[in-house]
Amino acid sequence: MRAQKKDTFHHDVVKAFEALFWHTEDMTARTEFCDIFVTSPDKSAWAWIEIKTGEKKKLTKGEVKFMEKCLLKDMPWYRCNGPEEVPVIIKEILLRFAL
């Protein structure tokens, strides 16, 4: 298997997270995985992010497999359809990790 192709908004989404001081780790070199791993500035919250160009674009079989594994193990997984969604996703991640 070959690594995933980066979606159109990949770099814009990464820049949007980093503009809000979140650390991003590109995961596209791995197969059957997600696109990026993000952590909050203080490292207290994190999530797996799948980047897709538009809401109608389907997940690959490998991406679905990874998503299901995350959901089964109650790990934070989010689909991001563009950089404008980043603040909403960050808010959801922070709520999930709130004590």
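Asp35 lies in the loop between S1 and S2, where helices (H or I, at least four residues) and strands (E, at least two) are DSSP runs numbered from the N terminus. The model is predicted, so that local features need pLDDT of at least 70 and side-chain atom pairs count only at pLDDT 80 or more, while totals for chains, interfaces and linings use all residues. Residues are numbered from 1 along each chain as its sequence is written, and side-chain values use heavy atoms, with hydrogens and water left out.

With a relative accessible area of 0%, Asp35 is buried; here buried means under 20% relative accessible area, exposed means over 50%, and partly exposed covers what lies in between (1.4 Å probe, protein chains only). Between the C-alpha atoms of Asp35 and Phe97 there are 21 Å, with the two residues 62 apart along the chain.

The chain as a whole comes next. Three helices and four strands make up its secondary structure, and from the N terminus on they follow the order α-β-β-β-α-β-α. A compact globule of 99 residues would have a radius of gyration near 13 Å, and the chain agrees, with 13 Å; this radius is taken over C-alpha atoms, and the globule rule is 2.2 Å times the number of residues to the power 0.38. Taken along the principal axes, the box filled by the C-alpha atoms is roughly 40 × 30 × 25 Å.

Of the 99 residues, 41% are buried. Contact means heavy atoms within 4.5 Å, and among contacts between residues at least 6 apart in sequence, 50% join residues at least 24 apart. The accessible surface is about 6300 Å², with 58% belonging to carbon and sulfur atoms; accessible areas come from the Shrake-Rupley method with a 1.4 Å probe, and for residues only the protein chains shown count as cover.

The chain carries 17 positive and 16 negative side chains, and the centres of the two sets lie 5 Å apart. In this count Lys and Arg are positive and Asp and Glu negative, with His and the chain ends not counted; each charge is placed at NZ of Lys, CZ of Arg, CG of Asp or CD of Glu.

Helix H1 spans residues 10–19, and its buried residues are His10, Val13, Val14, Ala16 and Phe17. Seen down the axis of H1, these buried residues fall within an arc of 160°, so they line one face of the helix; the arc is that of the directions from the helix axis to the C-beta atoms. Lys15 and Ala19, on the other side of H1, are exposed. The cover over the buried residues of H1 includes strands S1 (23–26), S2 (36–39), S3 (46–51) and S4 (77–80), together with helix H3 (86–97).

Just after H1 comes Phe21, in the loop between H1 and S1. At 65% relative accessibility, Phe21 counts as exposed.

With a relative accessible area of 32%, Glu32 is partly exposed. Thr31 is also in the loop between S1 and S2 and is partly exposed, at a relative accessible area of 31%. Thr31 and Asp74 are 43 residues apart along the chain, and their C-alpha atoms are separated by 21 Å.

Arg79, finally, belongs to strand S4 and is partly exposed, with a relative accessible area of 24%. Leaving aside neighbours within four places in sequence, Arg79 is in contact with Glu50, Lys52, Gly54, Glu55, Lys56, Lys57, Leu59, Glu85 and Ile89. The C-alpha atoms of Arg79 and Ile89, 10 residues apart along the chain, are separated by 8.7 Å.
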